[in-house]
Amino acid sequence: MNSIIREATIDDLNRGLLDIFIQGYRYHQNGRPDVFANISDETLKEDLIKNLEDLSTIVILDDDVIVGYLSYKIKEKHSKKLDVDQLVIDEKYRGKGLGKKLMEEVRNIALKNNCVSANIKM
């Protein structure tokens, strides 16, 4: 498996990022319909576009196919802190350590940005 991690772009919506975002939302919706409303794919697309504007997002590719993503935000009040917001791996690629690779990358991002804490659990 030849995986590459890079920053997400708006063009990634049509390269598989939107499908994975919807897949992740539907997974949570099926498990907790009391918390996750039944909203349209178009509304989810709008939510993802907003997330790309408000959060930093990295994607992981396998042979040039987007197979997962991780969204995070660096906050600074008294000190810098990195919070992971979302992590989703395409169900066909789970169990191959790709989520762990994304978490390692975001840990490196936290270190490079001098974050004193990171809301990251591995």
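**Reading helices and buried residues in a predicted model**

Biologist: Ile49 has its place in helix 2. Before we go further, what kind of model is this?

Modeller: It is a predicted model.

Biologist: How should I read the exposure of a residue such as Ile49: is it buried, partly exposed or exposed?

Modeller: One compares its relative accessible area with two cut-offs: under 20% is buried, over 50% is exposed, and values in between are partly exposed. Ile49 has a relative accessible area of 28%, so it is partly exposed.

Biologist: Which residues is Ile49 in contact with, leaving aside its neighbours within four places in sequence?

Modeller: Contact is judged by heavy atoms within 4.5 Å. With those neighbours set aside, Ile49 is in contact with Ile10 and Leu13.

Biologist: What separates the C-alpha atoms of Ile49 and Ile60?

Modeller: These two residues are 11 residues apart along the chain, and their C-alpha atoms are separated by 18 Å. For another pair, Leu70 and Ile58, the separation along the chain is 12 residues and the C-alpha atoms are 5.4 Å apart.

Biologist: Where does Leu70 lie, and is it buried or exposed?

Modeller: Leu70 belongs to strand 3, which covers residues 65-76. Its relative accessibility is 0%, so Leu70 counts as buried. Beyond its neighbours within four places in sequence, Leu70 has contacts that include Ile58, Val84, Leu87, Leu102, Met103 and Val106.

Biologist: How do I describe the way helix 1 and helix 2 meet?

Modeller: One considers the approach of the axes and the angle between them. The axes of helix 1 (residues 17-31) and helix 2 (residues 41-54) come within 10 Å and cross at roughly 110°. Angles of 65 to 115 degrees count as roughly perpendicular, and the two helices are therefore roughly perpendicular to each other. Their crossing is right-handed. Among the residues making the contact are Leu17, Phe21 and Tyr25 of helix 1, and Leu44, Leu48 and Asn51 of helix 2. By class, this contact has 8 nonpolar, 1 polar and 4 charged residues.

Biologist: How many helices and strands does the chain have, and in which pattern?

Modeller: The chain has 3 helices and 5 strands. Along the sequence they follow the pattern β-α-α-β-β-β-α-β. The radius of gyration is 15 Å, close to the 14 Å that the globule rule gives for 122 residues, so the chain is as compact as a globular protein of that length.

Biologist: What share of the residues counts as buried?

Modeller: Of the 122 residues, 39% count as buried. As for contacts with a separation of 6 or more, 56% are between residues 24 or more positions apart.

How values were computed
Residues are numbered from 1 along each chain as its sequence is written. This is a predicted model: local features need pLDDT of at least 70, side-chain atom pairs count only at pLDDT 80 or more; totals for chains, interfaces and linings use all residues. Side-chain values use heavy atoms; hydrogens and water are left out. Axes are lines fitted to C-alpha atoms, for helices over the stretch in contact, and angles run from 0 to 180 degrees between N-to-C directions. Helices (H or I, at least four residues) and strands (E, at least two) are DSSP runs, numbered from the N terminus. Angles under 35 degrees count as roughly parallel, over 145 as roughly antiparallel, 65 to 115 as roughly perpendicular and the rest as oblique. A crossing is left-handed if the near helix is turned anticlockwise from the far one by less than a right angle, and right-handed if clockwise. Ala, Val, Leu, Ile, Met, Phe, Trp, Tyr, Cys and Pro count as nonpolar, Asp, Glu, Lys and Arg as charged, and the others, Gly among them, as polar. The radius of gyration is taken over C-alpha atoms; the globule rule is 2.2 Å times the number of residues to the power 0.38. Buried means under 20% relative accessible area, exposed over 50%, partly exposed in between (1.4 Å probe, protein chains only).
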